[in-house]
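Please read the points below beside the coordinates; they are set out as a colleague's working note.

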Amino acid sequence: MHDESDEHAGEDARRARWTAAGTGALLTLAGFAAALLRLTGSAPALVPAAYALGAAVCALAALLGSRGRTRRALWLLIVGVMVMAVGDQSD
């Protein structure tokens, strides 16, 4: 027999998966766009590389989030954004 709390738990898990996957995809697109923009400019090579690496980490987070590994996805999103921030500070 299904309990109301079980139904809400499933809904919360689904929402967490969508949130992790969507945020990861958005940050991936933003990171790769920033890498392309910095690549065409006069920034040091470290800057676009940091953006691309951070975007790749966020892409992995989106994949893990879509598979239900939301806690790991959250930590990877944090790491990915931190890598992009280091690249931004290097500019």
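1. G24 touches C58, A62 and L77 once residues up to four places away in sequence are set aside, where a contact means heavy atoms within 4.5 Å. G24 is found in helix α1, helices here being DSSP runs of H or I with at least four residues, numbered from the N terminus. At 0% relative accessibility G24 counts as buried, the classes being buried for under 20% relative accessible area, exposed for over 50%, and partly exposed in between, with a 1.4 Å probe and protein chains only. Although G24 and A61 are 37 residues apart in sequence, their C-alpha atoms are 5.8 Å apart in space.

2. Before going further, a word on the basis of these values. This is a predicted model, in which local features need pLDDT of at least 70 and side-chain atom pairs count only at pLDDT 80 or more, while totals for chains, interfaces and linings use all residues. Residues are numbered from 1 along each chain as its sequence is written, and side-chain values use heavy atoms, with hydrogens and water left out.

3. Which residues make up the largest nonpolar core? The set has 10 residues in all, namely A20, A34, A35, V47, Y51, C58, A61, A73, L77 and M84, a nonpolar core being a set of buried Ala, Val, Leu, Ile, Met, Phe, Trp, Tyr and Cys residues joined through side-chain atoms within 4.5 Å. Helices α1, α2 and α3 each supply at least two residues of this core, and the largest share, four residues, comes from α2. As background, nonpolar side chains in soluble globular proteins tend to be buried together.

4. The buried positions of α2 are V47, P48, A50, Y51, G54, A55, V57, C58, A61, A62 and G65. After α2 comes G68, whose phi is positive, near 95°.

5. T70 lies in helix α3 and is partly exposed, with a relative accessible area of 27%. Not counting residues up to four places away in sequence, T70 touches A16, R17, A20 and G65. Computed along the chain T70 and G87 are 17 residues apart, and their C-alpha atoms are 26 Å apart in space.

6. How many salt bridges does the structure hold? There are three, a salt bridge being a side-chain nitrogen of Lys or Arg within 4 Å of a carboxyl oxygen of Asp or Glu. R15 pairs with E11, the closest N and O atoms being 3.5 Å apart, and both residues lie in helix α1 (residues 4–40), four residues apart, about one turn of the helix. R15 also meets D12 in a salt bridge, at 3.4 Å from N to O, and these two residues of α1 are three residues apart, again about one turn of the helix. R15 is partly exposed at a relative accessible area of 48%, as are E11 at 33% and D12 at 45%.

7. The side chains of D88 and R38 also meet in a salt bridge, at 3.5 Å from N to O. This pair links distant parts of the chain, with D88 in helix α3 (residues 70–90) and R38 in helix α1, 50 residues apart. D88 counts as partly exposed at 35% relative accessibility, and R38 is partly exposed with a relative accessible area of 27%. Salt bridges that share partners join E11, D12 and R15 into one network.

8. A nonpolar surface patch of about 430 Å² is made by L74, W75, I78 and M82. Patches consist of residues with over 30% relative accessible area and no salt bridge, like charges being joined within 9 Å and nonpolar side chains (Val, Leu, Ile, Met, Phe, Trp, Tyr) within 5 Å. The areas come from the Shrake-Rupley method with a 1.4 Å probe, and for residues only the protein chains shown count as cover.
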